[in-house]
Amino acid sequence: MSTEGKVIVVMPAYNAAETLVDTYRSIPAEHVDQVILVDDGSIDNTAGIAEELGLQLIIHPHNAGYGANQKTCYMEALRQGAEIVIMLHPDGQYDPNIIPLMISAIREGKGDFIMGSRFLPPKSALQGGMPRYKYVSNRFLTATENLVMGTDLSECHTGYRAYSRQLLLTVPFLRNSNNFVFDTEMIFQAQHFGFRFAEVPVSTRYFNEASSISFWASIQYGLGTLGVATRYLLHRSGLRHYDVFRSPRRERAAP
């Protein structure tokens, strides 16, 4: 259990019945205070298995999308007083054993946004079975995002993240997309509001049960990512203004 602020792992789930047990049992429980699973309208037995494992369970009555799932995850974690929130996919693709490293990175002040990178070292993702088209698109998009933001991240498209409470209270994530581009918006928002990034290496596996978006969905996601980068540039330049980059607190304080 945590002694330096509450640590909550959130698991955005959709049809994760075959992998949930192994993923949950791999979480280093001595470092985590609570695990919350949000079932986004699964049509398998994800919710039933979560109940059997004793997880705190929230069920969306219909499939709302990956981004919408995360919104519920973070709102509930904040409501329960989390100081650190770790988003772990329940599909077994990412290694839960690096959770202590992610927690330490926040507590030691290395960053408020910690990402488990599959590209530390650079070609480890290919060795873990990442399809080559995903590898190429990931490298292109990450390079583009680094150029736009002025960062030097090894990967911008990992689904394995940890956030400080302060970041989640500041970034207006409820205004983000309900779909996969939510993750990209979080990165650009964190950069816009001045939060620091840190990365830790993570091994990953690709197998039939692991969730993965289709080729055409990947194309849409890539275009969406470029769209977020464009809106970020326009907002920073003052040419256009977008709600995802506006501070809710400043808006409330305005006369």
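Trainee: Why is Asn15 called partly exposed?

Mentor: Asn15 has a relative accessibility of 29%. Buried means under 20% relative accessible area, exposed means over 50%, and partly exposed is what lies in between (1.4 Å probe, protein chains only). At 29%, Asn15 therefore counts as partly exposed.

Trainee: And what are we looking at?

Mentor: This is a predicted model, where local features need pLDDT of at least 70 and side-chain atom pairs count only at pLDDT 80 or more, while totals for chains, interfaces and linings use all residues. Residues are numbered from 1 along each chain as its sequence is written, and side-chain values use heavy atoms, leaving out hydrogens and water.

Trainee: What makes the phi of Asn15 worth a remark?

Mentor: Most residues other than glycine have a negative phi, and most peptide bonds are trans. Asn15 is not a glycine, yet its phi is positive, about 55 degrees. Asn15 sits in the loop between β1 (7–13) and α1 (20–25). Helices are DSSP runs of H or I with at least four residues, strands are runs of E with at least two, and both are numbered from the N terminus. As for peptide bonds, the one joining Leu120 and Pro121 is cis, with omega about 0 degrees. Pro121 is in the loop between β5 and α5.

Trainee: Arg118 lies in that loop between β5 (113–117) and α5 too. Is Arg118 buried or exposed?

Mentor: Buried, because its relative accessible area is 6%. Setting aside neighbours within four places in sequence, its contacts (heavy atoms within 4.5 Å) include Tyr94, Asn138, Glu155 and His157.

Trainee: Now α6. How do you know that its span agrees with its 18 residues?

Mentor: The expected span is 1.5 Å times one less than the number of residues. For α6 that should give 26 Å, and its end C-alpha atoms are 26 Å apart, so the two agree.

Trainee: Why are α6 and α9 called roughly parallel?

Mentor: Helix α6 (residues 132–149) and helix α9 (residues 215–237) pack at about 5 degrees, with axes 10 Å apart. Axes are lines fitted to C-alpha atoms over the stretch in contact, and angles run from 0 to 180 degrees between N-to-C directions. Under 35 degrees counts as roughly parallel, over 145 as roughly antiparallel, 65 to 115 as roughly perpendicular, and the rest as oblique. That makes α6 roughly parallel to α9.
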